[in-house]
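The stops follow one by one.

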Amino acid sequence: MGDHHHGPAKGLKRWIFATNHKDIGTMYLWFSFAMFILGGSFAMIIRAELFQPGMQLIRPEFFNQMTTMHGLIMVFGAIMPSFVGLANWMIPMMIGAPDMALPRMNNWSFWILPPAFLLLASTLFMEGGGPAFGWTFYAPLSTTYAPPSVTFFIFGVHILGLSSIMGSINIVATVWNLRAPGMTWMKMPLFVWTWFITAYLLIAVMPVLAGLVTMMLMDIHFGTSFFSAAGGGDPVLFQHIFWFFGHPEVYIIILPAFGVVSQIIPTFARKPLFGYDSMVYATASIAFLSFIVWAHHMYTVGMPVSGELFFMYATMLIAVPTGVKVFNWISTMWRGSMTFETPMLFSIGFVVLFTIGGFTGLMLSIAPSDFQYHDSYFVVAHFHYVMVAGAVFSMTAAVYYWLPKWCGRMYNETMGKTHFWISFVGFNLAFFPQHFVGLAGMPRRIPDYALQFTDFNMMSSVGAFIYGGSQILFLYNVIATIVAGQPISDEKVWEGAEGLEWTVPTPAPFHTFAVPPQVK
């Protein structure tokens with residue numbers, strides 16, 4: 001650190017004092033994978049309990065702690081940091097920058113995450129138990145009736161928000177200021193565009209979340225009544241503020257995923273992305289619209305009909321730019337020389353399953369019918385189709401796609417394809433039946449259920465364990481690649497299904513200032 005006379009820092013110092021965007025990207029990726037396994041193990045507890053009706057394994061309170069922690073850790077610990085890690089690794093190389101604009105802040109924005117999640121996870125061991133109020137932590141359950149550990153939860157959320165804001169400022173500063181000569185706005189790779197727009201969303205909504213948990217803190221410790229009707233407040237105010245953050249948040253999660261598949265599909269279709277400009281405008285439109293749809297999560301709170309109508313039409317409108325993206329991905333594949341390596345399989349899986357999630361989202365946007373879907377397993381099915389088949393499939397595709405570039409070694413393709421098919425089958429087995437039990441009236445976030453839901457829940461649990469188990473194969477493949485994969489040259493040759501050869505140009509070696517090939 002500053003000790004440049006003796007070369008780069010070695011051992012532990014290299015990671016603790018890391019300012020190199022690749023080292024920091026690597027730490028984000030490993031940390032998020034650890035959180036993915038932790039959050040996934042919580043989901044396994046949920047699905048094990050729901051394998052049959054009645055209470056078998058755990059107490060209802062612990063079940064509620066699991067649903068809460070699973071959601072929080074997957075969103076804030078697994079999905080978001082993984083895409084930030086991807087941004088750190090790829091954005092500087094994609095725009096020809098020597099590093100991120102603010103490398104020291106980059107270090108801090110990573111290193112405050114492990115303590116934040118330690119704080120969050122430690123609430124499970126505190127007196128009165130961890131948060132059992134759901135990942136959306138609605139008041140008054142999270143204020144008036146919360147266990148003492150809620151204070152630590154609030155502090156943890158503050159730190160997570162701080163990390164996100166710093167990471168986003170860094171991305172914005174990098175993209176604005178460090179593009180190589182010739183790298184104009186409309187020449188930037190789509191992944192850079194999606195993250196650039198995502199960073200603005202994060203800067204806009206993270207302070208809203210911080211404000212919300214601060215109001216909670218005041219209600220709990222300082223006698224205010226923001227969310228208590230007894231003191232002139234309103235519990236529904238909590239929902240409005242939460243979802244004003246929460247809805248842009250779900251687009252923060254999915255936009256970088258859009259960027260990833262927009263890089264991968266053109267590669268394996270052997271043709272440029274169809275409609276590049278429209279993809280950029282669609283991303284910006286989605287970001288703008290994400291701010292004016294929040295109350296579609298709240299049709300059942302007793303809004304005026306005019307309010308319901310506004311949020312219904314605004315939500316349906318978001319389907320337009322999203323549809324533009326899906327059609328562009330399909331048009332990119334149309335009549336391309338497609339091959340089906342692992343990153344492409346995960347990307348096609350993404351397009352198909354994300355579209356299903358998009359259609360169920362459109363169903364949920366219809367106010368009158370949402371009274372049937374609301375708080376049922378139909379919603380759980382919907383958001384896992386966009387979060388898991390969307391964000392996580394895309395992230396998995398990204399790791400397979402860029403891992404050879406990161407470590408100079410090739411992963412085992414057969415194992416990768418096996419991982420995909422086990423994941424794909426497990427995922428659909430886990431979440432497709434949830435549409436049915438949800439429509440039939442099974443409420444979400446409960447540890448027990450009526451007998452008629454048994455068969456579908458058993459399918460769901462088996463599928464969840466298949467999907468979870470497949471991630472161990474993924475972990476093995478990644479580690480085996482880093483440790484002992486086939487070394488690759490600067491020019492990686494993908495051999496297609498028909499023996500076609502297509503060369504992927506890579507920038508100059510990492511330690512040089514690389515100008516991306518498309519600029520020359």
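**Stop one: a loop residue**

Select Met183, which lies in the loop between helix 6 and helix 7 (190–221). Helices here are DSSP runs of H or I of at least four residues, numbered from the N terminus. This is a predicted model, where local features need pLDDT of at least 70, side-chain atom pairs count only at pLDDT 80 or more, and totals for chains, interfaces and linings use all residues. Residues are numbered from 1 along each chain as its sequence is written, and side-chain values use heavy atoms, leaving out hydrogens and water.

Is Met183 buried or exposed? Its relative accessibility is 2%, so Met183 counts as buried (under 20% relative accessible area; exposed is over 50%, partly exposed in between; 1.4 Å probe, protein chains only). Met183 and Ile95 are 88 residues apart in sequence, yet 6.6 Å apart in space, C-alpha to C-alpha.

**Stop two: the core**

Select Phe76, Phe137, Phe153, Trp195 and Trp329. Of the 161 residues in the largest nonpolar core, these touch the most other members. Such a core is a set of buried Ala, Val, Leu, Ile, Met, Phe, Trp, Tyr and Cys residues joined through side-chain atoms within 4.5 Å. Helix 3 gives the most to this core, with 21 residues.

Zoom in on Trp195. Leaving aside residues up to four places away in sequence, Trp195 touches Phe83, Val84, Ala87, Ile91, Ile171, Leu202 and Pro256 (heavy atoms within 4.5 Å).

**Stop three: helix 4**

Select residues 103–111, helix 4. Asn106, Asn107, Ser109 and Phe110 are buried there.

How values were computed
Helices (H or I, at least four residues) and strands (E, at least two) are DSSP runs, numbered from the N terminus.
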